[in-house]
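Work through the exercises below with the sequence and the model at hand. Each task is followed by a solution in steps.

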Amino acid sequence: QVQLVESGGGMVQAGDSLRLSCAATRGTFSLYSMGWFRQQRGKEREFVAALSRNGGSTRYADSVKGRFTISRDNAKSTVFLQMNSLKVEDTAVYYCAADVASMTGTTTASPRDYDYWGQGTQVTVSS
């Protein structure tokens, strides 16, 4: 069973940057496409970014495109989310997720396609 642990969240001001990390244990990380989602208080979980298992394909929500970058280090079984120019509306709990049935080069924005989830890390952006 794959275990995912996020880190790197915190409190920052609008315009600042944060880098989230998600370390995977067990399983074969290089075979999984990975995604980041977020959930704001009182709202449903929403897609943020996804990365194919070989790192060749990415997908972003329109709200973060140009500001956030997803990347991975398969040797360290870790996926990252670099968040720049943060806005107050980026405040949320951020979750990473693994899609273990992904095909090479594919990504998905649907949370139903992901099999394993981390516990989440809080990101708070103040004005």
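**Exercise 1.** Does Phe47 count as buried or exposed, and at what relative accessibility?

Solution. Buried means under 20% relative accessible area, exposed over 50%, and partly exposed in between (1.4 Å probe, protein chains only). Phe47 has 14% relative accessibility, so Phe47 counts as buried. Phe37, at 0%, counts as buried too.

The model is predicted: local features need pLDDT of at least 70, side-chain atom pairs count only at pLDDT 80 or more, and totals for chains, interfaces and linings use all residues. Residues are numbered from 1 along each chain as its sequence is written, and side-chain values use heavy atoms, with hydrogens and water left out.

**Exercise 2.** Classify the ring pairs of Phe37 with Phe47 and with Tyr114.

Solution. Rings of Phe, Tyr and Trp (its six-membered ring) pair if their centres lie within 6.5 Å; planes under 30 degrees apart count as stacked, over 60 as edge-to-face and the rest as tilted. By this rule there are 4 aromatic pairs.
- Step 1: the centres of Phe37 and Phe47 are 5.7 Å apart and the planes stand at 75°, so this pair is edge-to-face.
- Step 2: for Phe37 and Tyr114 the centres are 5.2 Å apart and the planes at 80°, so this pair is edge-to-face.
- Step 3: both Phe37 and Tyr114 are buried.
- Step 4: ring pairs link Phe37, Phe47, Tyr114 and Trp117 into a cluster.

**Exercise 3.** Which ring lies under the charged end of Arg45?

Solution. A charge sits over a ring if NZ of Lys or CZ of Arg is within 6 Å of the ring centre and within 35 degrees of the ring normal. The charged end of Arg45 sits over the ring of Trp117, 4.7 Å from its centre.
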